[in-house]
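This short report looks at how chains meet. Please view the sequence and structure first.

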Amino acid sequence: MTQERGKLRGAKRELWLAWYVTVAFYGLYSVVFFALARAQPPGRPWLDPGQTVAWFADRHWGLLIGFGLIFVLGGFSAVALALITYSIRRMSVSPAYAYSYLILYAIAAIPGFMFICVAMTCGVMRPDLSPVTTQWLYDLGFLSFVGTMGVFLVGSLIWMVAILIDENGVLPRWFGYLSLVNALTEVVIAPSWIFQRGVLAYNGAIGFWVNVPVFGLYTVAFILLLRDFIRRDDLGTGPLPMPPPDVWGHAKRAVEAVGA
Amino acid sequence: MTAVDGLADDAAVGGDDAARRFPGDPDMWIFVVVESLVFTSYFCIYLYARTQHEQAFLAAQSALTMWVGILETILLLTSSWAIARCVQCTRAGSYAAARQFAFVTAGLGAAFFALKIAEWVHLIRDGYSFGSSDFMQHFFFLTGIHAAHLVIGFVALGVLVYELSDPRRRSHKTIETCSTYWHTVDLFWVVIFAMLYVVR
Amino acid sequence: MHLSAERRLSVAWVVVVTITLIYLVIDGSVDDSDVMRASTVASVAAIGLALIKVRIVMREFMDVRYAPRILRTVTDALVLTMGVFLFGTYLVGRAIA
Amino acid sequence: MPPGEVSTSRVGERIIYWTWVPLFAIWITAFLLFPGFIPPVSPRASAAEVAEFYRQDLSRIRYSMILFNWFGVALIPILMLIAERMRGMAHRTPVLRFCVIGVAGGAPIAFLTSTVFWLVAAFRPDRSPDLTLLTNDLAWVTFTCGVPFLIALYLFIALAVAWDDQPRPVFPRWIAWFNVVIALVTVPAAFAGLAKRGVFAWDGLVSFWVKNVAIAVWIVVMAWSLRSAMARDGEVIEAGA
């Protein structure tokens with residue numbers, strides 16, 4: 001039995017590599033956008049053309065090196081995607097769910113992060129562009145990055161339905177319901193296409209400061225749940241040998257421990 | 001089926017926690033809690049903004065009609081009552097009655113939605129829109145995102161009726177989960193109503 | 001007094017609708033004719049009543065009353081958290097306005 | 001199935017496979033036809049110079065880019081053949097195959113996007129030179145730096161081949177190292193924004209010539225090894241039948 005388990009651990013190297021690459025990728029992505037390029041938290045949408053020129057000048061090397069790194073490593077976003085696609089294939093649902101998820105996010109990479117990298121690289125490379133044009137690049141960059149909404153909306157809903165009807169116990173149902181919360185933040189972000197200032201703008205109290213933590217919570221949750229899934233996976237096709245983590249079970253035990 | 005498939009009465013269970021169970025899918029309550037916290041953050045942002053610009057908010061708020069909000073609230077509260085009755089009938093095995101209550105719920109929800117749309121149209125005709133003032137921005141945002149939840153609520157009602165329609169299905173857990181979602185939409189409205197129509 | 005579940009639900013409905021109608025009284029008592037006026041009392045009452053309704057809906061309509069202790073605790077904590085944040089933001093906001 | 005006959009599945013794969021020859025010819029033709037590649041348009045050119053470029057040889061710009069727009073994405077079916085070969089690899093999960101499928105669309109479509117920018121620039125050559133310069137920049141940055149999917153694709157294939165632990169692997173082991181090398185020589189192009197002159201600029205030796213020759217070499221080598229991989233798959237299927 002132990003030997004069997006050891007064999008399985010070696011057999012899971014593809015899954016574990018994918019998981020570690022996923023963690024590294026999200027880490028790198030955060031470091032580049034928040035620390036290196038300083039393109040997150042996003043710039044102010046109400047900057048006038050001259051101010052956008054100054055914004056680019058202020059971040060010159062950070063943007064070029066940071067987005068250069070994304071140009072090298074951005075394709076590794078597909079690893080998280082592949083792992084999630086595998087998790088859906090492992091469910092008792094039609095493969096259509098898995099492939100829909102894969103295609104949605106694979107193609108979304110172009111408007112989702114290529115556009116901002118291209119637009120901002122162009123903006124930095126040409127400090128002598130007319131300021132109005134620089135502002136156009138600034139808008140294209142942020143709005144395409146924030147506003148690629150449909151993918152996350154439909155993708156979250158696809159994943160949600162798959163989790164809720166799955167009978168193999170791949171991911172816990174509470175994460176399915178959390179996917180609905182995540183999908184709804186994509187509805188909330190829509191007004192950032194309309195407002196240049198205020199709470200709903202893409203840097204606003206709701207548009208950024210509520211939405212991004214929710215997305216962050218969701219991302220951390222699925223990264224941890226995928227780790228748990230890889231541990232439990234027997235690489236078979238039926239129900240997993242162990243059920244997914246039950247949030248109320250843990251809470252219940254904790255409460256009982258306190259009560260005792 | 002057994003009569004005590006449903007929830008044990010308070011008197012019957014007494015202090016025995018093990019005899020109690022979650023209404024519907026326990027995990028659904030994670031949605032209720034997290035989404036409530038997300039809404040709480042929207043409300044806090046709104047309340048803070050209005051305390052900082054009190055007069056502007058009051059001036060814009062006067063465009064709303066109190067009784068419309070009251071009527072909408074009563075419609076949704078009644079729909080909540082109807083779906084709670086639907087769940088009770090399901091537990092009692094009266095599936096025909098349960099279905100009727102589900103349709104009453106859908107009807108009341110649709111009436112709420114129609115009234116909401118009429119209210120929006122009326123406001124827009126009067127020159128108030130998403131971008132016309134800070135208050136209206138919050139108003140259209142909060143009522144809009146609530147309407148999005150309501151639309152999903154109709155999907156949940158659809159699932160519920162689908163479950164009730166066929167004797168081979170009728171999963172009480174699924175029915176209770178759908179009803180929990182519907183109540184959540186009602187809950188959010190109760191607070192949104194107080195925030196937008198009553199808070200001064 | 002022991003009410004049937006059905007009766008109890010109807011009583012809960014009457015209570016939440018009555019609370020909703022109290023809002024009309026609050027609304028009428030604050031304003032001078034048509035001019036709307038700021039009022040901390042009205043605002044705090046509005047939020048408080050809404051939270052009471054939230055709790056009633058959860059306990060009675062959503063059957064939390066019959067649920068295990070953990071869910072009763074969590075939902076009560078949720079209402080409490082909402083209250084702390086809403087009252088806190090409103091009162092702090094007014095204080096520094 | 002009578003002996004000697006080939007299944008429609010294998011016929012279909014052979015059809016896709018042999019498209020690489022005409023496609024390669026079309027790509028080389030379009031490359032030579034586009035006046036902006038030999039020599040590459042300089043990132044140091046002024047707006048007036050760039051605008052002037054789009055006024056001369058307009059037909060060659062348009063027709064070469066239309067060719068690229070048509071046939072650049074025809075790489076996707078060939079990448080799918082590679083993805084299908086991965087089913088025969090000694091992997092325990094389809095994760096690496098999903099990785100390849102996940103970037104197989106992005107790589108050619110990033111290129112497709114740059115042809116769109118070039119064609120927009122050429123659509124109204126009398127446009128204000130500033131806008132033409134901007135459109136030209138967008139085309140060149142997308143074309144030069146838009147390599148994340150290619151780099152990931154090379155490395156996914158490298159890993160898949162390296163982990164194909166069986167006596168007769170689908171691809172020979174050296175294909176893994178070959179893909180790593182191709183990925184490494186493509187990396188500098190991602191940083192083309194950092195330099196407007198020298199070998200790293202978008203018209204420089206590394207960012208332009210090395211990267212694009214690497215793509216051509218990759219297609220030829222992968223096509224060549226794909227052929228024996230497909231033959232091997234056929235044997236396996238027939239042996240299993």
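How many residue pairs are in polar contact between chain A and chain D, both at pLDDT 80 or more? The count is 7. A polar contact is a pair of N or O atoms within 3.5 Å; within protein, one must be able to donate a hydrogen and the other to accept it, and residues adjacent in sequence count only if both atoms are side-chain atoms.

## Basis

This is a predicted model, where local features need pLDDT of at least 70, side-chain atom pairs count only at pLDDT 80 or more, and totals for chains, interfaces and linings use all residues. Residues are numbered from 1 along each chain as its sequence is written, chains are lettered from A and ligands numbered from 1 in the order in which they are written, and side-chain values use heavy atoms, with hydrogens and water left out.

## Chains A and D

Chain A brings 46 residues to the contact (heavy atoms within 4.5 Å). Chain D brings 44 residues.

There are 2 salt bridges between chain A and chain D (a side-chain nitrogen of Lys or Arg within 4 Å of a carboxyl oxygen of Asp or Glu). Arg13(A) pairs with Asp165(D) in a salt bridge. Their closest N and O atoms are 2.6 Å apart.

## Chains B and C

Here chain B gives 51 residues to the contact, and chain C gives 54 residues. Salt bridges between chain B and chain C number 3. Glu6(C) and Arg85(B) form a salt bridge, with the closest N and O atoms 3.4 Å apart. Polar contact links 10 residue pairs across this interface of chain B and chain C, both at pLDDT 80 or more.
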